Amino acid sequence: MLIAAGLMFALATRFPQYNLYITHHLVISIVFVIVGSVIGLLALYDFHKHQTTFHPHTPEKTRTVVDSGVFAYSRNPMYLALIITLLALAVYLQNYVCLIIIPLFIRYITKYQIIPEEEMLNKLFPNHYQAYCKKVRRWL
């Protein structure tokens, strides 16, 4: 996410001709940051409540499939929170070239983080995880 944010700053600086004026851009950015933060914190709370790992690099330590709370609406609320935060940054920078980074971030995080996590969860909890996937979408 930090690399994506850095790229957004670089693009906004490099291509100022693509700046746009968004009324109340600071307020809108703050709202997106708050929404993203709340979603992320609720996801962490749900992991804590179920006493399972939230660390993205150790999915094999997962104790259970968390399917309640914000996970009842999205299988990846923490990544969704990061995307909302990147959207907040794009609005704050007021440069529509920055929006290019968001689908690139989604593609990267899906390929290199989400799919490996899903494969591990499917291996650890095949019946429960498959049922969960049928009930809840990856993003929203």
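Arg138 is partly exposed, with a relative accessible area of 26% (buried means under 20% relative accessible area, exposed over 50%, partly exposed in between, with a 1.4 Å probe and protein chains only). Salt bridges that share partners join Arg138, Glu118 and Arg75 into one network; a salt bridge is a side-chain nitrogen of Lys or Arg within 4 Å of a carboxyl oxygen of Asp or Glu. The model is predicted, and local features need pLDDT of at least 70, side-chain atom pairs count only at pLDDT 80 or more, and totals for chains, interfaces and linings use all residues. Residues are numbered from 1 along each chain as its sequence is written, and side-chain values use heavy atoms, with hydrogens and water left out.

By the salt-bridge rule the count comes to three. The side chains of Arg75 and Glu118 form a salt bridge at 2.9 Å, N to O. Arg75 belongs to the loop between α2 and α3, and Glu118 to helix α4 (residues 101-124), so parts 43 residues apart in sequence are tied together. Both Arg75 and Glu118 are buried, with Glu118 at 13% relative accessibility.

A further salt bridge links Asp46 with Lys49, where the closest N and O atoms are 3.9 Å apart. Both residues lie in helix α2, three residues apart, about one turn of the helix. Asp46 is buried, at a relative accessible area of 4%, whereas Lys49 is partly exposed, at 45%.

Thr53 is located in the loop between α2 (25-49) and α3 (77-93). Its side chain reaches the backbone nitrogen of His55 at 3.1 Å. Not counting residues up to four places away in sequence, Thr53 touches Phe47, Thr58, Lys61 and Thr62, contact meaning heavy atoms within 4.5 Å.

The secondary structure of the chain comes to five helices and zero strands, where helices (H or I, at least four residues) and strands (E, at least two) are DSSP runs numbered from the N terminus. The C-alpha atoms fill a box of roughly 50 × 25 × 25 Å along the principal axes. Of the 140 residues, 39% count as buried. Among contacts between residues at least 6 apart in sequence, 76% join residues at least 24 apart.

Terms used: A polar contact is a pair of N or O atoms within 3.5 Å; within protein, one must be able to donate a hydrogen and the other to accept it, and residues adjacent in sequence count only if both atoms are side-chain atoms.
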